[in-house]
Amino acid sequence: MFKNFFLIAISALVSLGVVEIGLRLFDPLNFEPHISRKQANVPLVNSENFFCVGGPNRRSPHDIVYSRETPNQSYFEFRNATVTFIEINEHGFRGDFSSDDDKAQIIVLGDSFTRGTLADETETIPALLSMWSDDSHFVNLGTGGHGTLQHALTYEEFKDQIPHDIVLMFVFNRNDLVDNVRFRKWQDNPSTRSQNPTFVQRVKRAVGKLYVGKLILQFKQALFDRELYPSVPTETEQALFFESLRDLTQSIKDQGARLIVLSLPDISEFIGEDTVTFRDDPIGYADATRALIAQGADEYGYTYVNLKPVLVKFSEDLGIPTSSLFGSPDHHLQELGNFAVASTVAQLLQDEGVSVFDPDVEFVDRTRFDPSNVACP
């Protein structure tokens, strides 16, 4: 019996090894769609980053908001067909907290779209606004994976360190409300998402890096995970969202400042019905989220701006699909999309008498790196 079990185990391992080698050689299911990673001339940490300063952990645990980028590091990030250079300041964010010419400061809250994933230092939304403004510096407090509950807590942490009259918060329609639920579960029981993984969690992560492991995860998601993402916000998502909007608005008012909330659409609102998306009805979920933001504006007294029509008009003017403003397979806004959003925000703030801008008439790609020839500055 032991011999038979041993033979079966060895045969299974050999078979899995053959499948793994075949998947890596031919990649028929496109498990590694990021072309830049295949072109990289440098060794990558977690198949994504090359550190110039700091590393190997891009993110660090945080007692209040779960996690934040590790301070004082710089690295290249390989995604899609591009590579971007990212510098993190002493607080764990991109960009400077103040400008050299003592401009007024405006706080910008948000997730990875605000952080500027897929954008170099010169092409994030806050960086473009700061570059164009004659009298204002936009402080980027964006952190990937954070929801609006974490945005509110981030504001509490830095509101007294950054003199300001205006706060911008970008809400990503796709998953900010889901991120709130995950975060509240961590607040209630930090062991649910430990920053120090157990042995079993480490094994799962290691398996997930294998192509065979990715194949298993795809089957699991197709069979079991779909129901985790309904096509309308759940009662819990709504309650936590309103809690964050209420608390943030009140805290900003206590500082004598003003909040402007801007909703960012997901690429799934612009692609065909034959394409697999995050939700069965992404447009319905996004519309419901926008309605919640509008309701919060009426109840709590902030200004709401829906950015979906802006992106649609911008792409129509250029004669391109709106979906092309987003990257692929990583669906963050590309630098052209950031330019569209920043142009709109600049016009809004100028019309409101908040700041004066001299924006670029057309998109300018000020920084570009070659994935196959990366070198630290």
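The model is predicted, and the residue numbers used here run from 1 along the chain as its sequence is written.

Begin by selecting Phe2, Phe6, Leu7, Ile10, Leu13, Val14 and Val18, which form a nonpolar patch on the surface and together have about 740 Å² of accessible area. One of these residues, Ile10, lies in helix α1, which covers residues 2-26, and with a relative accessibility of 38% Ile10 counts as partly exposed.

Because Phe51 lies in strand β1 (residues 49-53) and Tyr75 in strand β4 (residues 73-79), the pair ties together parts that are 24 residues apart in sequence. Phe51 counts as buried at 12% relative accessibility, and Tyr75 counts as buried at 0%.

From here, move to Pro56, whose place is in the loop between β1 and β2 (59-62), and look at the peptide bond that runs from Gly55 to Pro56, which is cis with omega near 0 degrees. Most peptide bonds are trans, and most residues other than glycine have a negative phi.

**Two loops with a positive phi**

Select Asp102, found in the loop between β5 (82-88) and β6 (104-110); although Asp102 is not a glycine, its phi is positive, at about 60 degrees. Is Asp102 buried or exposed? With a relative accessible area of 71%, Asp102 is exposed.

Then select Leu118, in the loop between α3 (112-115) and α4 (125-132), which is not a glycine either and has a positive phi of about 80 degrees. Leu118 has a relative accessible area of 9% and is buried.

Continue to Pro329, which lies in the loop between α11 (308-318) and α12, where the peptide bond from Ser328 to Pro329 is cis, with omega near 10 degrees.

Now select residues 335-351, the 17 residues of helix α12, which at 1.5 Å a residue should span 24 Å; the C-alpha atoms at the ends are 24 Å apart, and so the two values agree. Colouring by burial would pick out the buried residues of α12, among them Phe339, Val341, Val345, Leu348 and Leu349. Just after the helix, Gly353 takes a positive phi of about 75 degrees.

**The ring cluster**

Phe339 is buried, with a relative accessible area of 4%, whereas Phe363 is partly exposed, with a relative accessible area of 28%. The rings of Phe339 and Phe363 have their centres 6.0 Å apart and their planes at 65 degrees, so this pair is edge-to-face. The pair links distant parts of the chain, with Phe339 in helix α12 and Phe363 in the segment after α12, 24 residues apart.

Key: Predicted model: local features only at pLDDT ≥ 70, side-chain atom pairs only at ≥ 80, totals over all residues. Heavy atoms only, no water. Helix = DSSP H or I, 4+ residues; strand = E, 2+ residues; numbered from the N terminus. Expected span 1.5 Å × (residues − 1). Buried < 20%, exposed > 50% of the residue type's maximum accessible area, 1.4 Å probe, protein only. Phe/Tyr/Trp six-rings, centres within 6.5 Å; stacked < 30°, edge-to-face > 60°. Patch = residues over 30% accessible without salt bridge, like charges linked within 9 Å, V, L, I, M, F, W, Y side chains within 5 Å. Areas by Shrake-Rupley, 256 points an atom, 1.4 Å probe, with all protein chains shown as cover. Salt bridge = Lys/Arg side-chain N within 4 Å of Asp/Glu carboxyl O.
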